[in-house]
Amino acid sequence: MRSDEVKKGWHRAPHRSLFRAMGLKDEDFDKPFIGVANSYTDIVPGHFFLKKYGEIVKDEIRKCGCVPFEFNTIGVDDGIAMGHDGMLYSLPSRELIANSVETMMNAHKLDALICIPNCDKITPGMVMGALRVNVPTIFVTGGPMRAGHLPDGTPIDLATVFEGVGKFEKGEIDEKQLYQLECLACPGGGSCSGMFTANSMNTLIEAMGIALKGNGTILALTPEREELLRKAARRICEIAKSEQLTEKYRIRNIINRKAIHNAFVVDMAMGGSTNTVLHMMAIAREAEVDFDLKELNEIARHTAHIAKISPSLQTIHMEDINRAGGISAVMKEISRRSDTILYTDNPVIEGGTVADRLKDAQVTDYSVIRPVDNPYSEVGGLAILYGNLAEEGCVIKTAGIVGERKFTGKAVCFNSQQEAIEGITSGKVKEGDVVVIRYEGPKGGPGMQEMLAPTSLIMGMGLGDKVALITDGRFSGATRGLSVGHISPEAGEGGVIGLLEDGDIIEIDVDNFSINVKLSPEELEARRKRFKPLKKELKSRWLKQYRQLVTNASHGAILKGE
């Protein structure tokens, strides 16, 4: 066992002495040591109950004859950090989480790992750290939140509240109605109930096979979720006790090129958050899989969009997907279009292959998961656009588009999210405009804060199908509308988005995967010669380090090494 390095032999007597201080007995030194990476924190609705989940997992590990060692990571709540400089720390927290998982597992030579994340950056951060360690790993997340409901039964969620702020600004609802939304949108613990970033990533880790069937959709704080926790604990112990299974189920044997392809197919079929592109590119690099952004458009061409979930369709939430058959039903249905669309021969952590997992899957409600021959769209719910405005690419959640998929308009430029919010609320943005928000990329932000407030204001003010928004920053998974993010190169590294001026004509053509500004190469070169990227004043030493090391969004906003 890997842990023998810290517990076997006469020269490890001091090490064993320290373990004995924590209650270990002679017989424990012959058992596998299992790391339990928990992201419990009191300040995230998807995480405040994970301390209890950690106890359930450890209890089951002990029953199975292994020794659990729980450790924690940090966790930023993107909703609470949204709209102020706290959001600058959100994406950088992913790197801290990855580093902490690698540090704890390798410093203590633990044999296997079970990860308990739930929200936003925490799930991909743990995946990245686990890939570096490369021991058998199971993910079992906290589970999605139930949808909220108005007194008349209308389902609502966090996105409803953000858009409610825009409606309040416009005078469409009063303060009492906004307060009602605030109080009813989030009825209890779990990752916010739509296909926002958290549930998108928790879905994709199930699709990749490192989480058990049902992980993406079984509700938080239910008996079914508790049984999933226990099942995951039993399985990681079964693997850790066997030298053969330990070798077979190292995480890199599961997360390979096929698994990443499968994840993006499911992402396209369900119209996941644009953040999944950022995180999956980072995961691919940690897995040493050479995956080009351009491949996503090819996947989109062959993947029908068969499930719309809030914010794309505000009446449908993750609990509805679970009732309709879950992620396996989505995968089974999408594979009816072609038997080559998914790599069904890839292994899954419970044993067997993707094909084995899908064998008994079926859609039980075709109003929630549409039949593949009657999809919302013949192409997937995400697209990568290229052009002189984004030479290295940018991403749009096509599933969330409101209005036309082709747009031409005049640029209205803002050098920060706050500038954009002030400009939108003051009426600076008019019908037909393209809102440009720059210096919000990984380097320019720094930290690439999510921007739900500007898009929610646009929707709430009735401009959702009348304007477009482009940014080198990123969006919350709750964003909808013609919103293009991750423009690379970003303004902070000298990208064309930094050269734009008010009134420039921008053309977006989603179906042709293009985004361009109508400027000649000569004019762009002339502007580039007099251009100097803005560099924001920073007090934070961590953000200064991050700005120095981070790559742009097309590379997953990972930190540069050597």
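Modeller: Begin with what contact means: heavy atoms within 4.5 Å. Keep in mind that this is a predicted model.

Colleague: Which residues of H5 meet which residues of H6?

Modeller: From H5 come Arg94, Glu95, Ile97, Ala98, Asn99, Val101, Glu102, Met105 and Asn106. They meet Ile122, Pro124, Gly125, Met126, Met128, Gly129, Ala130, Arg132 and Val133 of H6. By kind, the residues of this contact are ten nonpolar, four polar and four charged.

Colleague: What is used to describe two packed helices?

Modeller: Two packed helices are described by the angle between their axes and the distance between those axes. Here, the axes of H5 (residues 90-108) and H6 (residues 122-133) come within 7 Å and cross at roughly 35°. The crossing of H5 and H6 is right-handed.

Colleague: Next, the core. Which residues touch the most other members of the largest nonpolar core?

Modeller: A nonpolar core is built from buried residues of the nonpolar kinds, joined through side-chain atoms within 4.5 Å. In this model the largest such core has 116 residues, and Phe139 and Ile255 touch the most other members. Helix H13 (residues 257-270) gives the most to this core, with nine residues. Another core, of 31 residues, lies apart from it and includes Tyr439, Ala468, Leu499 and Leu500.

Colleague: What is Phe139 in contact with, leaving aside its neighbours within four places in sequence?

Modeller: With those neighbours set aside, the contacts of Phe139 include Cys115, Pro117, Met126, Ile205, Leu212 and Ile251. Thr123 and Asn215 are also among the contacts of Phe139.

Colleague: Now the charged pairs. How many salt bridges does the structure hold?

Modeller: The structure holds 40 salt bridges. One of them joins Glu60 and Arg234, with the closest N and O atoms 3.2 Å apart. Glu60 lies in helix H3 (residues 50-63) and Arg234 in helix H10 (residues 223-240), so this pair ties together parts that are 174 residues apart in sequence.

Colleague: Is Glu60 buried or exposed?

Modeller: The cut-off for buried is under 20% relative accessible area. Glu60 has 8% relative accessibility, so Glu60 counts as buried. Arg234, at 32%, counts as partly exposed. Both belong to a network of salt bridges that also links Asp59, Lys63, Glu226, Glu227 and Arg230.

Colleague: Which side chain does Asp78 meet in a salt bridge?

Modeller: Asp78 meets the side chain of Lys121, at 2.4 Å from N to O. Asp78 lies in helix H4 (residues 78-81), while Lys121 lies in the loop between strand S3 (112-116) and H6, so the pair ties together parts that are 43 residues apart in sequence. Asp78 is buried, with a relative accessible area of 2%, and Lys121 is buried at 2%.

Colleague: How do Lys170 and Glu172 read?

Modeller: Lys170 and Glu172 form a salt bridge, the closest N and O atoms being 3.3 Å apart. Lys170 is partly exposed, at 43%, and Glu172 is partly exposed, at 46%.

Key
Residues are numbered from 1 along each chain as its sequence is written. This is a predicted model: local features need pLDDT of at least 70, side-chain atom pairs count only at pLDDT 80 or more; totals for chains, interfaces and linings use all residues. Side-chain values use heavy atoms; hydrogens and water are left out. Buried means under 20% relative accessible area, exposed over 50%, partly exposed in between (1.4 Å probe, protein chains only). Helices (H or I, at least four residues) and strands (E, at least two) are DSSP runs, numbered from the N terminus. Axes are lines fitted to C-alpha atoms, for helices over the stretch in contact, and angles run from 0 to 180 degrees between N-to-C directions. A crossing is left-handed if the near helix is turned anticlockwise from the far one by less than a right angle, and right-handed if clockwise. Ala, Val, Leu, Ile, Met, Phe, Trp, Tyr, Cys and Pro count as nonpolar, Asp, Glu, Lys and Arg as charged, and the others, Gly among them, as polar. A salt bridge is a side-chain nitrogen of Lys or Arg within 4 Å of a carboxyl oxygen of Asp or Glu.
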